[in-house]
Amino acid sequence: MDKAIVKLENVSFSYGKNKVLEDVNFSIEEGDFVGIIGANGSAKTTLLKLMVGLLEPDKGAVYLMGKAIKDFKDYKSIGYISQNVRHFNPMFPATVKEVVGANLNTSRNFFERSRKKEEEKIYKALEIVEMGQFMDKKIGKLSGGQKQRVFIARALINKPKILFMDEPLVGVDLNSQDKFYSLMEKLNKEYNITLVMVSHDIGVITEKVNRILCLSRGRVYDHKPDQTICFDMLKEVFGNKMNILIHRH
Amino acid sequence: MFSYEFMQKSFIMGIMIALIAPTTGYFLVLRRQSIVGDTLSHVALSGVAFGMITNFYPVYTAMVFSIIAALGIEGLRKKFENYAELSLAIILSAGIGLASVLISLGNTQGILSYLFGSLALVTDQDILLVIMLGIIIFLTVILFYKSLFYMTFDEESATLAGIPTRPINLFFSILVALTIAISMRIVGILLVSSLMILPVAASLLIANSFKAGIIYSNIFGLISVIVGLTISFYLDLAPGGTIVLSALIILVIIILLQYFRSKITKPA
């Protein structure tokens, strides 16, 4: 059986006349922890949106869990954390419980109280990210790292098979970054969740993931786990002015 | 004052508007679309002028005009994705331009009462309309509560959770357009959007959850309308102005209370 959970075949995409992705081919397999890197404006977010079906390719085909993206309806099996969640107004009136519960029973009406079972589910999802005690806090009052964990909990609540994250570490302090990566390891190894993460921070991510997709000038370069990142490639991706420093502490 | 029939009508109408306007306004503000109210009300003005010239009931023509504008905004929003407010500016200019041409064309003396609201204007037809619209809006918010919450917080993730965001967006735009067209009878075109926004602004200062936010917005809307209508009756002032100023005073009181509370709780 094909183990590919995401598959892109000859995908091209443009914004108006500006072609940002050309003839992209790759697949992500179950259990992968994939980092997508590239310079600003290299269409990393676009690529992520194509994978989940928020955008349609001009050419080519996208498959998610073996299904053509247009026929994909099993929304519960994917988790998605967009870049936008960081930009919400800190005054937005919502509790952690409301935010995490948003992914459950989306057809609930105003008067139906959340049932006990549901609250338990929300609590459990928050416990995975170690945020259980913040259930009734207002989301805007949490720190960047804490908010990030709440959004991960929201994505986890339906027990997804794959989690897509767009720049999850922007605005998160170093200490929380370490916690974030150990959480990712837990999700990947213990919960068997395939992870796909966009980042512009190539330093840390290359040590944590088992595959790197490098975006440059509309093309995607795939690096297998046993390869070290090709420095020439990085120079091409980030421009020639980059100096590469390697620390091994 | 309730011995006057027109005041009874105004109060029924006002209370319905006090519940409708902040409810739709709540979602607009949280989606950073508070200018939509302003835009649509300018277009509604051209609708009113059109109705007066062509002898159609101005509330109906205003409804048609603002619904078309609301759909136009939704359409343009996709075109100018990175400059969403540009689509609003375009529609607003079109509305006010058309309105000024239509007003100068002919028989539009009554337009002032539509601009600032009036107590004597309310007809049985208006009351029926506002009650129907009220029912539709409340049913929508009650039945689609969670979808609306999710879309307001994070539209992309809501789409990926299987919520039909596009049809809900379109339907909601139409409701906003109708809210504006009907609310202008009492509050006036120039002040409709204020009643959609001020109670919400006050509620955001104190609400800790999404549900509490809606409830506070409605309570503040109600207080503003009741106080505003009463003052308008006794002092013979335009109701739109007194209602909106009442809403503003509530907002200022809450800001001051919060300021003093933070002074007290924070050690010097």
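## The sheet of chain A

Strand β4 (residues 59–64) of chain A is joined to β5(A) by 2 bridges, and the two strands run antiparallel. Y63(A) stands opposite A68(A) in β5(A). This is a predicted model; local features need pLDDT of at least 70, side-chain atom pairs count only at pLDDT 80 or more, and totals for chains, interfaces and linings use all residues. Residues are numbered from 1 along each chain as its sequence is written, while chains are lettered from A and ligands numbered from 1 in the order in which they are written. Strands (E, at least two residues) and helices (H or I, at least four) are DSSP runs, numbered from the N terminus. Two strands pair if DSSP finds at least two bridges between them.

The β4–β5 pair belongs to an open sheet of 4 strands in chain A, ordered β2-β1-β4-β5, with antiparallel pairing. Its edge strands are β2 (18–29) and β5 (67–68) of chain A, each pairing on one side only. Helix α1 (residues 44–52) of chain A packs on this sheet. It touches β1 (4–15), β2 and β4 of chain A. Its direction makes about 125° with that of β1(A). Such angles run from 0 to 180 degrees between N-to-C directions, and axes are lines fitted to C-alpha atoms, for helices over the stretch in contact.

## Partners of β1 in chain A

β1(A) and β2(A) run antiparallel, joined by 8 bridges. They form a hairpin with 2 residues between them. G16(A), in the turn, has a positive phi of about 60°. Y15(A) has N18(A) in β2(A) as its bridge partner. S14(A) stands opposite K19(A) in β2(A).

β1(A) also pairs with β4(A), in the antiparallel sense, over 5 bridges. There, E9(A) has A61(A) in β4(A) as its bridge partner. In a regular strand the side chains alternate between the two faces of the sheet.

## The fold of chain B

Chain B has 12 helices and 0 strands. From the N terminus on, its elements run α-α-α-α-α-α-α-α-α-α-α-α. The radius of gyration of chain B is 19 Å, close to the 18 Å that the globule rule gives for 268 residues, so chain B is as compact as a globular protein of that length. This radius is taken over C-alpha atoms; the rule is 2.2 Å times the number of residues to the power 0.38.

The C-alpha trace of chain B spans about 60 × 45 × 35 Å along its principal axes. Of its 268 residues, 50% count as buried. A residue is buried if 20 or more other C-beta atoms lie within 10 Å of its own, exposed if 12 or fewer, and partly exposed in between, with C-beta atoms placed from the backbone. In chain B, residues 24 or more positions apart account for 73% of the contacts with a separation of 6 or more. Two residues are in contact if their C-beta atoms, placed from the backbone, lie within 7 Å.

## A helix pair in chain B

Helix α1 (residues 5–30) and helix α9 (residues 165–187) of chain B have axes that come within 9 Å and cross at roughly 145°. α1(B) passes α9(B) in a left-handed crossing. That means the near helix is turned anticlockwise from the far one by less than a right angle; clockwise would be right-handed.

On α1(B), the contact residues include M13(B), I17(B), I20(B) and F27(B). Those of α9(B) include F172(B), L175(B), V176(B) and R185(B). The contact divides into 11 nonpolar, 5 polar and 1 charged residues. Ala, Val, Leu, Ile, Met, Phe, Trp, Tyr, Cys and Pro count as nonpolar, Asp, Glu, Lys and Arg as charged, and the others, Gly among them, as polar.

## Where the chains meet

26 residues of chain A are in contact with 25 residues of chain B. β6 (78–81) and α2 (96–101) of chain A each supply at least two residues of the side that touches chain B. That side of chain A divides into 15 nonpolar, 8 polar and 3 charged residues.

Most residues other than glycine have a negative phi. D23(A) has a positive phi of about 50° although it is not a glycine. D23(A) lies in strand β2 of chain A. With 14 C-beta neighbours inside 10 Å, D23(A) counts as partly exposed.

R32(B), also not a glycine, has a positive phi near 55°. R32(B) is found in the loop between α1 and α2 (35–54) of chain B. With 13 C-beta neighbours inside 10 Å, R32(B) counts as partly exposed.
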